[in-house]
Amino acid sequence: ISDKISITPGLSYQYVKFDDTDYRVDDDNTSAGFLNGSPSLNTLAGFIRTDIDVTEKWRVLAALRADKFSAPDETYLAYELASTYKLNENNLVRVAVTRSNSGSFIGYNYLNVIVPTPVPGLNVTQTGNTNLNLFTVNMIEIGYRAQLTKSLQLDIDVFNQRAENFTEITAKEFNQMIGVVTAYQFSNLPTTATQNGATIGLNFVPNDK
(Lines give C-alpha, C1' and ligand atoms only; values in the text may rest on other atoms or scores of the structure.)
Protein backbone atom coordinates (compact mmCIF):
# COMPACT_ATOMS: atom_id res chain seq x y z
CA ILE A 1 0.00 0.00 0.00
CA SER A 2 2.88 2.34 0.90
CA ASP A 3 6.36 2.29 2.36
CA LYS A 4 4.79 1.92 5.80
CA ILE A 5 1.87 -0.42 5.13
CA SER A 6 1.88 -3.85 3.46
CA ILE A 7 -1.02 -6.27 3.07
CA THR A 8 -0.55 -9.91 2.06
CA PRO A 9 -3.64 -11.95 1.18
CA GLY A 10 -3.53 -15.67 0.49
CA LEU A 11 -5.55 -18.73 -0.41
CA SER A 12 -4.71 -22.35 0.37
CA TYR A 13 -6.20 -25.72 -0.53
CA GLN A 14 -4.97 -29.04 0.81
CA TYR A 15 -6.19 -32.53 -0.03
CA VAL A 16 -4.94 -35.86 1.23
CA LYS A 17 -6.19 -39.39 0.75
CA PHE A 18 -5.22 -42.52 2.66
CA ASP A 19 -5.86 -46.05 1.45
CA ASP A 20 -4.98 -49.23 3.33
CA THR A 21 -7.26 -51.61 1.42
CA ASP A 22 -4.22 -53.30 -0.16
CA TYR A 23 -2.96 -54.35 3.26
CA ARG A 24 -5.90 -56.38 4.48
CA VAL A 25 -5.08 -59.41 6.61
CA ASP A 26 -8.26 -61.37 5.99
CA ASP A 27 -11.62 -61.17 4.25
CA ASP A 28 -14.09 -60.91 7.15
CA ASN A 29 -13.20 -57.34 8.25
CA THR A 30 -11.37 -58.48 11.37
CA SER A 31 -7.71 -57.77 12.09
CA ALA A 32 -7.57 -55.96 8.76
CA GLY A 33 -6.04 -52.51 9.10
CA PHE A 34 -6.24 -49.14 10.77
CA LEU A 35 -8.66 -47.51 8.34
CA ASN A 36 -10.23 -50.38 6.37
CA GLY A 37 -10.94 -48.06 3.47
CA SER A 38 -9.73 -44.96 1.65
CA PRO A 39 -10.88 -41.84 3.54
CA SER A 40 -9.79 -38.36 2.55
CA LEU A 41 -9.46 -34.92 4.14
CA ASN A 42 -9.49 -31.49 2.56
CA THR A 43 -9.00 -27.99 3.88
CA LEU A 44 -9.79 -24.67 2.20
CA ALA A 45 -8.26 -21.62 3.84
CA GLY A 46 -7.99 -17.90 3.28
CA PHE A 47 -5.78 -15.47 5.15
CA ILE A 48 -4.70 -11.86 5.27
CA ARG A 49 -1.61 -10.42 6.94
CA THR A 50 -0.80 -6.75 7.49
CA ASP A 51 2.42 -5.04 8.55
CA ILE A 52 2.13 -1.39 9.56
CA ASP A 53 4.86 1.03 10.63
CA VAL A 54 2.66 3.37 12.66
CA THR A 55 5.66 5.54 13.48
CA GLU A 56 9.41 5.11 13.19
CA LYS A 57 9.38 3.41 16.58
CA TRP A 58 6.01 1.62 16.61
CA ARG A 59 5.24 -1.39 14.40
CA VAL A 60 2.01 -3.41 14.33
CA LEU A 61 1.45 -6.80 12.70
CA ALA A 62 -1.98 -8.38 12.37
CA ALA A 63 -3.04 -11.60 10.69
CA LEU A 64 -6.28 -13.54 10.35
CA ARG A 65 -6.80 -16.99 8.85
CA ALA A 66 -9.98 -19.03 8.32
CA ASP A 67 -9.76 -22.78 7.69
CA LYS A 68 -12.78 -24.74 6.43
CA PHE A 69 -12.21 -28.43 7.18
CA SER A 70 -14.02 -31.40 5.72
CA ALA A 71 -13.78 -33.17 9.08
CA PRO A 72 -14.88 -31.69 11.33
CA ASP A 73 -17.26 -29.85 9.01
CA GLU A 74 -16.50 -26.49 10.57
CA THR A 75 -14.55 -23.28 10.00
CA TYR A 76 -11.82 -22.33 12.45
CA LEU A 77 -10.32 -18.87 12.90
CA ALA A 78 -6.69 -18.30 13.83
CA TYR A 79 -5.24 -14.86 14.44
CA GLU A 80 -2.21 -12.93 15.57
CA LEU A 81 -1.97 -9.34 16.79
CA ALA A 82 1.57 -8.28 17.61
CA SER A 83 3.29 -4.97 18.22
CA THR A 84 6.83 -3.78 18.83
CA TYR A 85 7.98 -0.42 20.15
CA LYS A 86 11.51 0.93 20.18
CA LEU A 87 12.14 2.80 23.40
CA ASN A 88 15.44 3.90 21.86
CA GLU A 89 18.11 2.45 19.59
CA ASN A 90 19.08 -0.18 22.16
CA ASN A 91 15.79 -1.15 23.82
CA LEU A 92 12.63 -2.67 22.36
CA VAL A 93 9.41 -4.04 23.88
CA ARG A 94 6.90 -6.32 22.19
CA VAL A 95 3.51 -7.85 22.90
CA ALA A 96 1.50 -10.50 21.04
CA VAL A 97 -1.95 -12.06 21.33
CA THR A 98 -2.48 -15.20 19.26
CA ARG A 99 -4.89 -18.06 18.68
CA SER A 100 -4.02 -21.21 16.74
CA ASN A 101 -5.47 -24.65 16.17
CA SER A 102 -4.23 -28.00 14.97
CA GLY A 103 -5.04 -29.43 11.60
CA SER A 104 -7.44 -32.29 11.06
CA PHE A 105 -5.88 -35.72 11.70
CA ILE A 106 -6.82 -38.78 9.65
CA GLY A 107 -6.46 -41.13 12.61
CA TYR A 108 -8.73 -39.15 14.92
CA ASN A 109 -11.37 -38.94 12.18
CA TYR A 110 -11.33 -42.30 10.44
CA LEU A 111 -9.66 -44.92 12.63
CA ASN A 112 -11.52 -48.20 12.08
CA VAL A 113 -9.83 -51.07 13.90
CA ILE A 114 -11.64 -54.36 14.48
CA VAL A 115 -10.00 -56.69 17.00
CA PRO A 116 -11.31 -60.28 17.36
CA THR A 117 -11.64 -61.80 20.83
CA PRO A 118 -11.62 -65.42 22.06
CA VAL A 119 -15.42 -65.16 22.36
CA PRO A 120 -17.01 -66.32 19.06
CA GLY A 121 -18.78 -63.50 17.27
CA LEU A 122 -17.51 -60.82 19.65
CA ASN A 123 -15.11 -58.17 18.36
CA VAL A 124 -13.70 -55.04 19.94
CA THR A 125 -13.85 -51.92 17.76
CA GLN A 126 -11.83 -48.73 17.87
CA THR A 127 -13.26 -45.96 15.68
CA GLY A 128 -12.62 -42.37 14.76
CA ASN A 129 -14.87 -39.37 15.18
CA THR A 130 -15.43 -36.73 12.47
CA ASN A 131 -17.09 -34.33 14.93
CA LEU A 132 -14.11 -33.65 17.18
CA ASN A 133 -13.24 -30.10 18.15
CA LEU A 134 -9.68 -29.31 17.04
CA PHE A 135 -6.92 -28.73 19.57
CA THR A 136 -6.68 -24.96 20.16
CA VAL A 137 -4.15 -22.75 21.94
CA ASN A 138 -4.60 -19.12 23.01
CA MET A 139 -1.45 -17.22 23.96
CA ILE A 140 -0.44 -13.82 25.36
CA GLU A 141 3.23 -12.91 25.16
CA ILE A 142 5.26 -9.91 26.37
CA GLY A 143 8.94 -9.44 25.58
CA TYR A 144 11.83 -7.06 26.04
CA ARG A 145 15.07 -6.85 24.08
CA ALA A 146 18.11 -4.80 25.02
CA GLN A 147 21.44 -4.26 23.27
CA LEU A 148 23.58 -4.04 26.40
CA THR A 149 26.85 -3.58 24.56
CA LYS A 150 28.02 -3.84 20.99
CA SER A 151 28.59 -7.57 21.54
CA LEU A 152 25.92 -8.51 24.09
CA GLN A 153 22.15 -8.68 23.62
CA LEU A 154 19.55 -9.55 26.28
CA ASP A 155 16.13 -11.04 25.45
CA ILE A 156 13.38 -11.57 28.07
CA ASP A 157 10.00 -13.11 27.29
CA VAL A 158 7.01 -14.03 29.50
CA PHE A 159 3.91 -15.80 28.23
CA ASN A 160 0.62 -17.44 29.14
CA GLN A 161 -0.86 -20.26 27.06
CA ARG A 162 -4.25 -21.91 27.44
CA ALA A 163 -4.94 -25.14 25.57
CA GLU A 164 -8.29 -26.88 25.06
CA ASN A 165 -9.96 -29.65 23.05
CA PHE A 166 -7.58 -32.46 23.95
CA THR A 167 -8.38 -35.78 22.27
CA GLU A 168 -8.24 -39.28 23.71
CA ILE A 169 -9.66 -42.68 22.81
CA THR A 170 -12.37 -43.50 25.34
CA ALA A 171 -14.66 -46.41 26.16
CA LYS A 172 -18.10 -46.20 24.53
CA GLU A 173 -19.73 -49.64 25.01
CA PHE A 174 -19.36 -52.15 27.82
CA ASN A 175 -20.49 -55.78 27.68
CA GLN A 176 -21.71 -56.54 31.20
CA MET A 177 -22.06 -60.28 30.57
CA ILE A 178 -18.34 -60.79 30.07
CA GLY A 179 -17.06 -57.58 31.68
CA VAL A 180 -15.28 -56.26 28.60
CA VAL A 181 -15.34 -52.89 26.84
CA THR A 182 -16.34 -53.70 23.25
CA ALA A 183 -16.20 -50.24 21.62
CA TYR A 184 -13.72 -47.38 21.86
CA GLN A 185 -13.87 -44.04 20.06
CA PHE A 186 -11.82 -40.84 19.91
CA SER A 187 -13.48 -38.09 21.96
CA ASN A 188 -12.67 -34.62 23.25
CA LEU A 189 -11.74 -34.45 26.90
CA PRO A 190 -13.49 -31.86 29.12
CA THR A 191 -10.23 -30.40 30.34
CA THR A 192 -7.92 -27.47 29.69
CA ALA A 193 -4.26 -26.83 30.37
CA THR A 194 -2.60 -23.53 31.26
CA GLN A 195 1.11 -22.86 30.93
CA ASN A 196 2.87 -19.81 32.34
CA GLY A 197 6.49 -19.43 31.34
CA ALA A 198 9.45 -17.15 30.90
CA THR A 199 12.56 -17.22 28.77
CA ILE A 200 15.78 -15.30 29.33
CA GLY A 201 18.35 -15.33 26.56
CA LEU A 202 21.79 -13.80 26.12
CA ASN A 203 23.35 -13.46 22.69
CA PHE A 204 27.10 -12.77 22.65
CA VAL A 205 28.95 -11.93 19.47
CA PRO A 206 32.70 -11.55 20.21
CA ASN A 207 33.52 -10.11 16.77
CA ASP A 208 32.28 -9.89 13.21
CA LYS A 209 33.43 -13.46 12.45
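Start by selecting strand 3 (residues 58–69) and strand 4 (residues 75–88), which run antiparallel and are joined by eleven bridges. Strands here are DSSP runs of E with at least two residues, numbered from the N terminus, and two strands pair if DSSP finds at least two bridges between them. Now click on alanine 66: its bridge partner in strand 4 is leucine 77.

Before you go on, a word about what is on your screen: this is a predicted model, in which local features need pLDDT of at least 70 and side-chain atom pairs count only at pLDDT 80 or more, while totals for chains, interfaces and linings use all residues. Residues are numbered from 1 along each chain as its sequence is written, and side-chain values use heavy atoms, with hydrogens and water left out.

Look at the peptide bond that joins alanine 71 to proline 72: it is cis, with omega about 0°. Most peptide bonds are trans.

Eight strands form an open sheet in the order 1-2-3-4-5-8-9-12, with antiparallel pairing. Which strands are at the edges? They are strand 1 (5–17) and strand 12 (192–204), each of which pairs on one side only. From one strand to the next, the twist averages 10°; for such angles, axes are lines fitted to C-alpha atoms, and the angles run from 0 to 180 degrees between N-to-C directions.

**The largest pocket**

Now select Gln14, Thr43, Asp67, Phe69 and Gly103, which lie nearest the centre of the largest pocket among its 18 lining residues. The elements that give two or more residues to this lining are strand 1, strand 2 (40–53), strand 3, strand 4 and strand 5 (91–101). A pocket is an open set of points on a 1 Å grid over the protein atoms alone, where a 1.4 Å probe fits, with protein on both sides within 12 Å along at least five of seven lines; lining residues have an atom within 4 Å of a point.

Colour the lining by residue type and you will find six nonpolar, eight polar and four charged residues. In this grouping, Asp, Glu, Lys and Arg are charged, Ala, Val, Leu, Ile, Met, Phe, Trp, Tyr, Cys and Pro are nonpolar, and the others, Gly among them, are polar.

Move on to the open sheet of four strands, in the order 6-7-11-10, where the pairing is mixed. Its edge strands are strand 6 (112–116) and strand 10 (167–175), and the twist averages 15° from one strand to the next. Five bridges join strand 6 to strand 7 (residues 123–127), and these two run antiparallel. Zoom in on isoleucine 114, which stands opposite threonine 125 in strand 7.

Then select serine 187 in strand 11 (residues 180–188). Is serine 187 buried or exposed? Serine 187 is buried, because its relative accessible area is 11% (buried means under 20%, exposed over 50%, partly exposed in between, with a 1.4 Å probe and protein chains only). Not counting residues up to four places away in sequence, serine 187 touches Leu132, Phe166, Thr167, Glu168, Thr170 and Lys172, where contact means heavy atoms within 4.5 Å.

**Last stop: two asparagines**

Finish with asparagine 165, in the loop between strand 9 (152–164) and strand 10. Its phi is near 65°, a positive value in a residue other than glycine. Asparagine 165 counts as buried, at 18% relative accessibility. Asparagine 36, in the loop between strand 1 and strand 2, also has a positive phi, near 55°. Most residues other than glycine have a negative phi.
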